[in-house]
Amino acid sequence: MLRITQIKLSIQDDLVAVKAQVAKKLKIKPIDILTFRIYKESIDARKRGEINFIYTVDIRVADESRFLTGKFKNVAMTPDLTYKNPQMGTTKLTHRPVVIGFGPAGMYAALLLAQMGYKPLVLERGEAVDERVKSINDFWEAGKLNPHSNVQFGEGGAGTFSDGKLTSRVKDLRGRKVLSEFVNAGAPEEILYKAHPHVGTDLLRDIVKNIRKEIISLGGEVRFNTQVNHVEINDNKLEGLTLTSGEFIQAQQAILAIGHSARDTFGELYRDGVKMTAKPFAVGVRVEHPQTVIDKAQYKEFAGHPRLGAAEYRLTHKAKNGRGVYTFCMCPGGLVVASASEVGHLVTNGMSEHARDQHNANSGLLVQVFPEDFGSEHPLAGIDFQRALEKKAYELGGRTYQAPAQLVGDFLKGQPSTVMGSVTPSYSLGVMPTDLTALFPDYISDALKDALIGLDKKMHGFAMSDAVMTGVESRSSSPLRINRDEANFQSESTTGIYPSGEGAGFAGGIVSAAIDGLKCAEALISQFAPAEG
């Protein structure tokens, strides 16, 4: 198979023209191409007044060696990117492996274990996705929070209610397996080649169900509404798990993929002696603009072209006080959503459906925070830092899960907002106009102000006066890391526990978390053979 790169089409060209361009480049007829697939598509908008699509394609033709003589530019053999299953270990497991948590890391760890015959037991504290949707809608519509099943907890993890971005800056061949399994479960095939693939929360709900069904069909078991309360450790080795129901499950190997919001479980693990350390993360707001403003800023005169869709952005800034500020989880044509998991605390996040067709765009605008900001050297001090901000946001919003919000123009002028302007906030429970400097320490407010001005120079309109800032965005990543030995992916302090994914501090997004879940499953598989029966 041949890989051809740098195939350029203008924005006016139809996708079917890619094959014709390949044939022209190789000086053959399109009918001579036996198989054809797009490997990658990206957008080149660097030149003003011009937008092109750049393609990499894989094809099969007769006598492929004649195209590899150096006569044809940008033509090479297609590399083998097929995922290779790990070699099984020889020590038989006494009990089937347990996967704790069914977000991306836990889901993909369980899927690989099931595919290789290990029949994993999955324990997820939240609900299956259909019941979870009902609980979340109760919260979004009436402010009735289910602390056990919400935007953070339940089938698919926090990623199920997000933009469903499938990009990753991790260069790992496992990423192809992650995307391929998504396609097998019902995702559109375009995610395999789009430069910035996304699925959307509406499609993700069925995808995660289909992956769960695949795990079960291969002998795995998935239990919802099932929370681990205590980890039984003897001589620094995992011996079993006690559930909140009182049930005890014998387990010597458990992949711990609990997500970044399982604060009670973090506390229990710490008390059980599992080693962990505080780590840097970021907090801030959701900033919301009309999508048309973002489209115009990114695509200029091509804004609104049907081939482009809703524009997105990813921006960074170094504030004068030395803090890094960056946009996070940008949701084109999306919504700002209520994402609390604890009563009396307020958290925001962003979400888009596959069509990305809502009126506003939103993104996290986050400021780096460090362990020295937490006021304590305790490993769980970052959680206390988060909680304090979330409680204050709840109080500023009026203690009804309305979110505190401020116009960007007012924030920059140092005056409270009293009414919203031309941008209608999408947060479903309503917003309370206020002064967000009352929410944050000065170093965060100062960094946000500096970043708004700086980022507006990079993307005109970012600091538009009527853009809305809604607080607080506090769950961008885990505030701690569960220490693990990178040689065997097990806890440094407890043999048999494999800390994995975002919650353990080793990933940041759907794909990177799924990749980390695969790594942990591979480590387990390479040491052990499946239990009998």
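Close-up 1. G284 sits opposite L366 of strand 19. The model is predicted; local features need pLDDT of at least 70 and side-chain atom pairs pLDDT 80 or more, whereas totals for chains, interfaces and linings use all residues. Residues are numbered from 1 along each chain as its sequence is written, and side-chain values use heavy atoms, without hydrogens or water. V285 faces L365 in strand 19. Strand 14 and strand 19 (residues 360–369) are antiparallel, with 10 bridges. Strands (E, at least two residues) and helices (H or I, at least four) are DSSP runs numbered from the N terminus. Two strands pair if DSSP finds at least two bridges between them.

**Close-up 2. Strand 14 and strand 22.** Five bridges link strand 14 to strand 22 (residues 468–473), again in the antiparallel sense. E288 has V468 of strand 22 as its bridge partner. In strand 14 (residues 281–290), 10 of the 10 residues are buried, so the strand is largely enclosed by the rest of the structure. Buried means under 20% relative accessible area (1.4 Å probe, protein chains only).

Close-up 3. The open sheet runs 15-16-19-14-22-20-21, with mixed pairing. Strand 15 (316–318) and strand 21 (431–433) are the edges; each has a single partner strand, so one side of each lacks a neighbour in the sheet. Neighbouring strands are turned by 30° against each other on average, direction ignored. Helix 8 (residues 381–396) packs on this sheet, at about 35° to strand 14. Axes are lines fitted to C-alpha atoms, for helices over the stretch in contact; angles run from 0 to 180 degrees between N-to-C directions.

**Close-up 4. The five-stranded parallel sheet.** This open sheet has the order 8-7-6-12-26, with parallel pairing. Strand 12 (residues 254–256) and strand 26 share three bridges. I255 stands opposite Y498 of strand 26. Helix 11 (residues 510–527) packs on the sheet, touching strand 12 and strand 26, and makes about 155° with strand 26.

**Close-up 5. D272 in its loop.** D272 lies between helix 6 (263–271) and strand 13 (276–278). D272 is buried without a salt bridge; R271, the nearest side chain of opposite charge, is 6.5 Å away. A salt bridge needs a side-chain nitrogen of Lys or Arg within 4 Å of a carboxyl oxygen of Asp or Glu. Lys and Arg count as positive, Asp and Glu as negative; His and the chain ends are not counted. A polar side-chain atom of D272 is 3.0 Å from the backbone nitrogen of V231.

Terms used. Buried < 20%, exposed > 50% of the residue type's maximum accessible area, 1.4 Å probe, protein only. Polar contact = N/O pair within 3.5 Å; in protein donor to acceptor, adjacent residues only side chain to side chain. Contact = heavy atoms within 4.5 Å.
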